[in-house]
Amino acid sequence: MPEPPIPRGPRPPRLRWAWWLLAYASLGVGIVGIFVPGLPTTVFVLIAAWAASRGSARLHRWLLSHPRFGKAIADWQAYGAVSRRGKWMATLTMLACALIMLWCVPLAWVKAISIGSMACVCTWLWTRPLPPAE
């Protein structure tokens, strides 16, 4: 019978400053995304939470306790789950962006790649599980 692995204490993360920088930069871009149409907010906040878990315990705790983003981040980290409301909001936002692109962008290949990418992301998103509370 193989022996169980020896538990080790928490190791200091390598390049903690880089994780810290990525966390705060992603959070900044996510905040800008609140005001700029077409720039996603949620994905950058999730990246910020992921990077903060490796580089800034304080920011990570703040994000998990945030009234707007905390539950979604906790559900994603614990279960890889996205709420039904989150899925619908993302889908409707991508649909609105696709319609704007169809109307405003003159190049067919740009429309095709962009809308195709959104369709792939939307398909992937709907394959994610729902949080246990739903």
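## Helices and the model

Helices here are DSSP runs of H or I, at least four residues long, numbered from the N terminus. The structure is a predicted model.

## The salt bridge

The structure holds one salt bridge. Its partners are K71 and D75, with their closest N and O atoms 2.9 Å apart. Both residues belong to helix α4, which covers residues 70–79, and because they sit four residues apart there, about one helical turn separates them. Side chains of opposite charge can pair when their charged atoms come close.

The two partners fall into separate accessibility classes. K71 has 54% relative accessibility, so K71 counts as exposed; the cut-off for exposed is over 50%. D75 has 12% relative accessibility, so D75 counts as buried; the cut-off for buried is under 20%.

## The largest nonpolar core

In soluble globular proteins, nonpolar side chains tend to be buried together. In this model, the largest nonpolar core has 11 residues, among them A23, L27, V45, L59, F69 and I73. Two or more residues of this core come from each of α1 (16–35), α2 (42–55) and α3 (57–65). The greatest share is that of α2, which gives five residues.

A51 is one of the residues in this core. Leaving aside residues up to four places away in sequence, A51 touches W19, L22, A23 and S56.

## A second core

There is also a second, separate core, made up of six residues. Its members include M94, M101, M118 and C122.

How values were computed. Residues are numbered from 1 along each chain as its sequence is written. This is a predicted model: local features need pLDDT of at least 70, side-chain atom pairs count only at pLDDT 80 or more; totals for chains, interfaces and linings use all residues. Side-chain values use heavy atoms; hydrogens and water are left out. A nonpolar core is a set of buried Ala, Val, Leu, Ile, Met, Phe, Trp, Tyr and Cys residues joined through side-chain atoms within 4.5 Å. Buried means under 20% relative accessible area, exposed over 50%, partly exposed in between (1.4 Å probe, protein chains only). Contact means heavy atoms within 4.5 Å. A salt bridge is a side-chain nitrogen of Lys or Arg within 4 Å of a carboxyl oxygen of Asp or Glu.
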